[in-house]
Amino acid sequence: MFVKECAVEFRWKDLSKDVIMDIGCGSDFNCCNAILKEFPGVRALIAIDKNPVVLRNRKDKIHSYTGNIEERENLKGFEGKMDKVISTNTIHQITNKKLVFENLYHLLKPGGEAAVLFNSESCYIDFTKALLEIPYFKPMFKGKFTENVYPKEQGSQFYQEMFKEAGFHNVRAKVVEFVIPLSSDEACKDFLFEAHKDDFDILPEFSDEFKEVLFRIYTRTVERIEGKPCYRAPMLSLLGYKST
């Protein structure tokens with residue numbers, strides 16, 4: 001979906017001369033595969049992830065490398081050589097987003113295009129906060145929780161200005177809410193349990209009880225869609241050009 005949005009906004013047609021870098025590609029190369037589906041004639045795709053697992057999943061036209069967008073030095077060899085840089089579902093995990101935007105800018109050729117998509121909010125924040133307010137579970141929590149990970153004052157305009165400060169021009173920002181319905185209550189319980197089982201010291205014999213508590217709190221804090229539990233995530237997209 002995001003690749004199609006980029007194609008419309010940037011007016012992509014023939015990418016046979018373009019080298020595109022995907023930052024935070026993940027082991028499934030979802031974004032790269034989406035690009036190949038829409039533009040099978042693309043010249044090349046450079047897939048970057050800090051997890052070395054990407055090196056074990058090489059595919060035709062996708063050249064995978066380990067690298068960290070927060071560290072400019074380890075991507076120096078690519079600087080000024082990319083026609084386009086894209087990143088999805090990665091940047092919300094990074095605190096210093098301005099540094100990331102600057103490093104994206106350095107990777108592009110003059111006139112190159114950058115497109116990023118990341119969470120601007122998460123339904124998990126209210127859910128986790130409500131869970132930790134239960135006296136029984138709070139002492140068992142061993143994970144990390146930052147209540148203000150998505151400050152209200154840091155909205156689309158805030159990041160649009162940050163993108164401009166990194167050097168990009170003709171910057172466009174848009175927030176779209178992604179809603180992913182889960183197939184059933186049981187599927188939601190399993191999903192929540194798998195996501196949180198390592199964050200709490202829960203004895204195996206209390207696993208079913210823990211599932212029920214997770215589900216009850218989640219469905220109390222996150223509205224259902226057509227009677228089904230769902231995951232909601234407002235996503236922010238930023239698109240811009242490097243000066244020629």
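How are helix 4 and helix 6 oriented to each other: roughly parallel or roughly perpendicular? The points below answer this question and then turn to the rest of the structure, which is a predicted model.

1. **Two helices and their angle.** Two packed helices are described by the angle between their axes and by the distance between those axes. For helix 4 (residues 123-132) and helix 6 (residues 185-196), the axes come within 14 Å and cross at roughly 75 degrees. An angle of 65 to 115 degrees counts as roughly perpendicular; helix 4 and helix 6 are therefore roughly perpendicular to each other.

2. **The residues that meet.** On the side of helix 4, the contact is made by Y124, F127 and T128. Their counterparts in helix 6 are F191, L192 and H196. Sorted by class, this contact contains four nonpolar and two polar residues, and no charged ones.

3. **Overall composition.** The protein contains seven helices and seven strands. Along the sequence they follow the pattern α-β-α-β-β-β-α-β-α-α-β-α-α-β. The C-alpha trace spans about 60 × 40 × 40 Å along the principal axes.

4. **Burial and surface.** Of the 244 residues in the protein, 47% are buried. The accessible surface amounts to about 13,200 Å², and carbon and sulfur atoms account for 49% of this area.

5. Strands of a sheet pair through backbone hydrogen bonds, in either a parallel or an antiparallel manner. Here, seven strands form an open sheet with mixed pairing, in the order 3-2-1-4-5-7-6. Strand 3 (62-66) and strand 6 (169-181) stand at the edges with a single partner strand each, so one side of each has no neighbour in the sheet. From one strand to the next, the twist averages 15 degrees.

6. Strand 1 (residues 19-23) pairs with strand 4 (residues 82-88) in the parallel sense, over four bridges. Within this part of the sheet, I20 stands opposite K84 in strand 4.

7. **Helices on the sheet.** Helix 2 (residues 30-38) packs on the sheet and touches strand 1, strand 2 (44-49), strand 3 and strand 4. The direction of helix 2 makes about 170 degrees with that of strand 2. Helix 3 (residues 97-107) also packs on the sheet, where it touches strand 1, strand 4, strand 5 (108-119) and strand 7 (230-241). The direction of helix 3 makes about 145 degrees with that of strand 5.

Definitions and conventions:
Residues are numbered from 1 along each chain as its sequence is written. This is a predicted model: local features need pLDDT of at least 70, side-chain atom pairs count only at pLDDT 80 or more; totals for chains, interfaces and linings use all residues. Side-chain values use heavy atoms; hydrogens and water are left out. Axes are lines fitted to C-alpha atoms, for helices over the stretch in contact, and angles run from 0 to 180 degrees between N-to-C directions. Helices (H or I, at least four residues) and strands (E, at least two) are DSSP runs, numbered from the N terminus. Angles under 35 degrees count as roughly parallel, over 145 as roughly antiparallel, 65 to 115 as roughly perpendicular and the rest as oblique. Contact means heavy atoms within 4.5 Å. Ala, Val, Leu, Ile, Met, Phe, Trp, Tyr, Cys and Pro count as nonpolar, Asp, Glu, Lys and Arg as charged, and the others, Gly among them, as polar. Buried means under 20% relative accessible area, exposed over 50%, partly exposed in between (1.4 Å probe, protein chains only). Accessible areas come from the Shrake-Rupley method with a 1.4 Å probe; for residues, only the protein chains shown count as cover. Two strands pair if DSSP finds at least two bridges between them.
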